[in-house]
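Welcome! Please take a moment to look over the sequence and the 3D view before reading on.

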Amino acid sequence: MARVMPTTGAKGTAIMEEPLTEHLLSELLRSSDPACFAVERLADPPTLSAYLNELLNQKGLVRSKVVAAAGVNPTFGYQIFTGARRASRDVLLQLGFALGCDLRQMNRLLQAGGANGLYCKGRRDAIIIFGIDRGQSIAQVNESLYNLGEATIG
């Protein structure tokens with residue numbers, strides 16, 4: 001069985017890390033019934049609203065400041081956080097940068113928002129991944145994207 005290791009987030013709250021894909025694959029292949037595996041091991045992914053609010057809590061951030069830092073219209077940002085509106089992939093990236101997401105969190109955010117995750121074989125995505133890994137701001141990533149002839153975020 002894959003181990004899920006607790007870690008500590010902001011304000012000392014326990015956060016459960018996801019099991020590695022390789023471990024889940026191994027469990028699936030050893031399972032006698034895929035339906036049992038799915039019921040026991042695969043939880044429904046969080047909604048975008050739930051995941052955004054989870055990230056806010058984990059990082060001890062305030063929604064209004066994150067929306068402002070992302071450069072998103074405040075009303076639209078509020079609607080995204082409450083689940084009333086959907087966001088484009090670029091708006092999700094903007095929010096992810098404003099939340100200080102690492103690569104795993106950014107990809108979960110994109111997935112929760114119904115967008116494709118970052119893919120290192122895509123030129124634009126590779127530049128974004130590099131920036132996330134190096135802790136760059138969205139402005140720094142946008143500068144790299146612009147300099148390399150790719151569309152900027154937002």
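What follows is a short tour, from the overall layout to single residues and pairs.

Please keep in mind that this is a predicted model. The chain has 154 residues, 34% of which count as buried. It holds nine helices and two strands.

**Overall layout**
- Starting at the N terminus, the order of elements is β-β-α-α-α-α-α-α-α-α-α.
- The accessible surface of the chain is about 9,400 Å², and carbon and sulfur atoms account for 54% of that surface.
- Take the contacts between residues at least 6 apart in sequence: 48% of them join residues at least 24 apart.

- In soluble globular proteins, nonpolar side chains tend to be buried together.
- The largest nonpolar core here has 33 residues, and the members that touch the most others are I80, L95, M106, L118 and I128.
- At least two residues of this core come from each of α3, α4 (63-70), α5 (74-82), α6 (89-99), α7 (103-112), α8 (123-133) and α9 (138-147).
- Which helix gives the most to this core? Helix α6 does, with six residues.
- Leaving out neighbours within four places in sequence, M106 is in contact with L92, L93, G96, F97, C101, L118 and I132.

**Helix α3 and what comes after**
- Helix α3 covers residues 48-59, which makes 12 residues.
- From the first C-alpha to the last, α3 reaches 16 Å, close to the 16 Å expected at 1.5 Å a residue.
- Its buried residues are L48, S49, Y51, L52, L55, L56 and Q58.
- An α-helix has 3.6 residues a turn, so residues three or four places apart point the same way.
- Just after α3 comes G60, with a positive phi of about 65 degrees.

**A closer look at A70**
- Is A70 buried or exposed? With a relative accessibility of 6%, A70 counts as buried.
- A70 sits in helix α4.
- Setting aside residues up to four places away in sequence, A70 touches Q94, L95 and A98.
- A70 and V91 lie 21 residues apart in sequence, and their C-alpha atoms are 8.0 Å apart in space.

- L25, L28 and L29 make a nonpolar surface patch of about 290 Å².
- L28 belongs to helix α1 (residues 21-30).
- L28 is partly exposed, because its relative accessible area is 34%, between the 20% and 50% cut-offs.

**Salt bridges**
- Side chains of opposite charge can pair when their charged atoms come close.
- The count of salt bridges comes to four.
- One of them joins the side chains of D90 and R124, at 3.0 Å from N to O.
- This pair links distant parts of the chain, with D90 in helix α6 and R124 in helix α8, 34 residues apart.
- D90 is partly exposed at 22% relative accessible area, whereas R124 counts as buried at 16%.
- Another salt bridge is made by the side chains of R123 and E150, at 2.8 Å from N to O.
- R123 lies in helix α8 and E150 in the segment after α9, so this pair ties together parts that are 27 residues apart in sequence.
- E150 is partly exposed, with 23% relative accessible area.
- D133 forms a salt bridge with R134, where the closest N and O atoms are 2.6 Å apart.
- D133 is exposed, its relative accessible area being 57%.

Notes:
Residues are numbered from 1 along each chain as its sequence is written. This is a predicted model: local features need pLDDT of at least 70, side-chain atom pairs count only at pLDDT 80 or more; totals for chains, interfaces and linings use all residues. Side-chain values use heavy atoms; hydrogens and water are left out. Patches are made of residues with over 30% relative accessible area and no salt bridge: like charges are joined within 9 Å, nonpolar side chains (Val, Leu, Ile, Met, Phe, Trp, Tyr) within 5 Å. Accessible areas come from the Shrake-Rupley method with a 1.4 Å probe; for residues, only the protein chains shown count as cover. Helices (H or I, at least four residues) and strands (E, at least two) are DSSP runs, numbered from the N terminus. Buried means under 20% relative accessible area, exposed over 50%, partly exposed in between (1.4 Å probe, protein chains only). The expected span of a helix is 1.5 Å times one less than its number of residues. Contact means heavy atoms within 4.5 Å. A nonpolar core is a set of buried Ala, Val, Leu, Ile, Met, Phe, Trp, Tyr and Cys residues joined through side-chain atoms within 4.5 Å.
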